[in-house]
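Colleague: I just opened this one and I'm new to it. Can you walk me through it?

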Amino acid sequence: MVNNKTPKQTVEHLNQYIIGQNKAKKSIAIALRNRWRRRQLDEELREEVLPKNILMIGPTGVGKTEIARRLANMADAPFLKVEASKFTEVGYMGRNVESMIRDLVRTAVNNLKENRIKELRPEVEEIAEERILDLLLPNTSEDELEDHEEFDKGDETEEGIDRKDQQIKKSKREKFKNTREKFRKMFREGKLDDKIVEYKVKKSASPQIGVLSNANFEQMGIDIQDMLSNMMPTKKKRTKMKVKDAYEKIINEETEKKIDMDAIGQEARNHAENSGIIFIDEIDKIAGREAKGKGPDVSREGVQRDMLPIVEGSTVYTKYGFVKTDHILFVAAGAFNVSKPNDLIPELQGRFPIRVELNSLSQHDFSRILKEPRNSLIRQYQHLLRTEDVELVFTDEAIDKI
């Protein structure tokens, strides 16, 4: 889904949650709008239009991450936040920088799967309800229907016996149906939630891996545990549980049956390629030129050079197939209180053509942050205490004091 809001509408939406920082809001709103514009182009030209990545410069806590996160939520786009500084740690050099792309695709898969689950919920709830009723009230077998007590011996001809037999079966079926509907009503009212039923639960036969490292397999997009679980047979084990727990388990099982993960994987890959947003925080921590001898500066420039192909545009292999990073929007952010943006290698600087400086927050800004956003702390605590029938009121003087 591509957001079709104008930059002005996007900024208005961000204003509901974030105070100030209008320059940053406008820049990222235009970047989002350019994605919609790109989708309107012919396919040949569409591939040539690359996103203009953004570098946000400002102290901690002024809203850099929140702007990108709110934008991704509004656009229904896969969003991933990574910290550039973690790639300087042992074991996070070289190709492991590509893990951010795999994580982005995994986020896209989870988002699409959640949406699919919501779509299927009404359908699987009906199936789960019927299966719960089967557990509570198993269907009457033919032998049970024939085991009737009342039998009129007045008409002992073959035709009469057969007619009476059919009438009794019909009567028992009606009785069973009525009983089942009574149970259905009780179940919907929640009166049977704590009743214990016996249910077969799937038990995976795959062994647990706790010794092998998954780092090398991650580079190939392979999940060892998934491979083993698919190879090993699935067993079922009878266990007793409450009706409400069995109901949720049945819903999960039926949903898994109906979800086509291959189709979701392909759609998620396309979604990540064309709509994905990666927020690289603390990029100032890797800003530094190579120093003579040993030291952190060597690691910093190494991480920048490893990150460069991903931001420039390359192809990364994931478990869902190859993903091109050419059209992923990268938003980098850092305080740059020690280093400067110009301390980044020139090639990486060129991949973040839009620079936005965010202002430090004043006391007036903090007062507005407590009052104006839809999710402000003042509003949160007012609603929390309202559940206890307590009406909490803050005066402007009290907020200024805080």
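Predicted model: local features only at pLDDT ≥ 70, side-chain atom pairs only at ≥ 80, totals over all residues.

Colleague: Okay, so is Arg386 buried, exposed or partly exposed?

Modeller: Arg386 has a relative accessible area of 38%, so it counts as partly exposed.

Colleague: And which residue does the Arg386 side chain meet in a salt bridge?

Modeller: That's Glu391, at 3.2 Å from N to O. Glu391 is exposed, with a relative accessible area of 55%.

Colleague: How many salt bridges does the structure hold?

Modeller: There are 28. One of them joins Arg116 and Glu119, with the closest N and O atoms 3.1 Å apart. Those two are 3 residues apart in helix H5, so about one helical turn separates them. Arg116 is partly exposed at 31%, and Glu119 is exposed at 54%.

Colleague: What about Arg102 and Glu98, buried or exposed?

Modeller: Both are buried, and their side chains meet in a salt bridge at 3.5 Å, N to O.

Colleague: Which residues are linked in a network of salt bridges?

Modeller: Glu129, Glu130, Asp134, Arg180, Glu181, Arg184 and Arg188 are.

Colleague: Switching topic: what's in the largest nonpolar core?

Modeller: It has 54 residues, and those with the most contacts inside it include Met100, Ile132, Ile280 and Phe330. Helix H5, residues 99-136, gives the largest share, 12 residues. The core also draws at least three residues from each of domain 1 (7-112 + 268-360) and domain 2 (120-147 + 161-262).

Colleague: What does Ile280 touch, leaving out residues up to four places away in sequence?

Modeller: Val82, Ala84, Met307, Phe330, Val331, Ala332 and Ala333. There's a second, separate core as well, with 25 residues, among them Ala24, Ile67, Ala72 and Met74.

Colleague: And on the surface, which residues form a nonpolar patch?

Modeller: Leu377, Tyr381 and Leu384 do, with about 330 Å² of accessible area together. Leu377 is found in helix H15, residues 377-386, and at 47% relative accessibility it counts as partly exposed.

Colleague: Last one: how many helices and strands does the chain have?

Modeller: It has 16 helices and 9 strands. Of its 402 residues, 37% are buried. The chain's accessible surface comes to about 24400 Å², and 48% of that belongs to carbon and sulfur atoms.

Technical notes: Residues numbered from 1 in each chain as written. Heavy atoms only, no water. Core = buried A, V, L, I, M, F, W, Y, C linked by side-chain atoms within 4.5 Å. Buried < 20%, exposed > 50% of the residue type's maximum accessible area, 1.4 Å probe, protein only. Helix = DSSP H or I, 4+ residues; strand = E, 2+ residues; numbered from the N terminus. Domains from an automatic or database assignment. Contact = heavy atoms within 4.5 Å. Patch = residues over 30% accessible without salt bridge, like charges linked within 9 Å, V, L, I, M, F, W, Y side chains within 5 Å. Areas by Shrake-Rupley, 256 points an atom, 1.4 Å probe, with all protein chains shown as cover. Salt bridge = Lys/Arg side-chain N within 4 Å of Asp/Glu carboxyl O.
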